[in-house]
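Have a look at the sequence and the fold, then read on.

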Amino acid sequence: MNPLKYLSGYSPDIQQQVQQHLDAGTLPKLLLKRHPVIHNVRSDKALYDYTQAIKNQFLRQSSPLSKVIFDDKINISHHALGLHSYVARVQGNKIKAKNEIRISSRLKRVPEPLLRMVVVHELAHLKEKDHNKAFYNLCTHMEPDYHQFEFDLRLLLTCIDANISPYSADKADT
């Protein structure tokens, strides 16, 4: 199994630097230095409110969200940490459409910027369905450090796979 599978799209130089940090055991310390505190969004209601606040700030005119929840069934094997679904149902003569966002429960104990990056990513799907230039422009409009936070999340996932997560549940929240 490739220990740097989450970084496969990055240059060999970046991958080599990350591998060196991984081998030296300094990758968790690097993440803790960048993001020392985990967020306090623990419930589905808090996640809905958090997501709705971002949506209201940047995507006020977009379709409403019917549900935003932490989902235990989403994991890395699905190659996703969040899912946006658009469900259309026929009710009588009308079509009712609902937008739902599901965020992996694994993100309950991560720093707020990393949660925000995933939420922003899923909100961007309200406007742009595909991962194209317009999609990523929207992501960086909502979160200017989007790409850095995505990289940091990839570093965290690399740590988790190596069983050296700096934010594990048995460590105290700082």
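## Strands side by side

Valine 68 stands opposite isoleucine 101, which sits in β3. Before going further: this is a predicted model, so local features need pLDDT of at least 70 and side-chain atom pairs count only at pLDDT 80 or more, while totals for chains, interfaces and linings use all residues. Residues are numbered from 1 along each chain as its sequence is written, and side-chain values use heavy atoms, with hydrogens and water left out.

Strand β1 (residues 65-71) and strand β3 (residues 94-104) pair in the parallel sense over 6 bridges; two strands pair if DSSP finds at least two bridges between them. Helices (H or I, at least four residues) and strands (E, at least two) are DSSP runs, numbered from the N terminus. Of the 7 residues in β1, 5 are buried, where buried means under 20% relative accessible area, exposed over 50%, and partly exposed in between (1.4 Å probe, protein chains only).

## Helix α3

Helix α3 (residues 44-58) has 15 residues and should span 21 Å at 1.5 Å a residue; its end C-alpha atoms are 21 Å apart, which agrees. The expected span is 1.5 Å times one less than the number of residues.

Its buried residues are Leu47, Tyr50, Thr51, Gln52, Ile54 and Lys55. What covers them? The cover includes β1, β3 and α4, with contact meaning heavy atoms within 4.5 Å.

Searching the whole structure turns up 3 aromatic pairs. Rings of Phe, Tyr and Trp (its six-membered ring) pair if their centres lie within 6.5 Å; planes under 30 degrees apart count as stacked, over 60 as edge-to-face and the rest as tilted. Tyrosine 136 and tyrosine 146 make a tilted pair, 6.2 Å centre to centre with 55° between the planes. Tyrosine 136 is in helix α5 (residues 133-142) and tyrosine 146 in helix α6 (residues 146-161), so the pair ties together parts 10 residues apart in sequence. Tyrosine 136 is partly exposed at 26%, whereas tyrosine 146 is buried at 1%. Phe135, Tyr136 and Tyr146 form one aromatic cluster.

Histidine 121, in helix α4 (residues 112-124), is buried at 14% relative accessible area. Leaving aside neighbours within four places in sequence, histidine 121 contacts His131, Phe135, Tyr136, Cys139 and Tyr146.

## Cysteines

How many disulfides does the structure hold? It has 0, a disulfide being a pair of cysteine sulfur atoms within 2.5 Å. Cysteine 139 is buried at 0% relative accessible area, and cysteine 159 is buried at 0% too.
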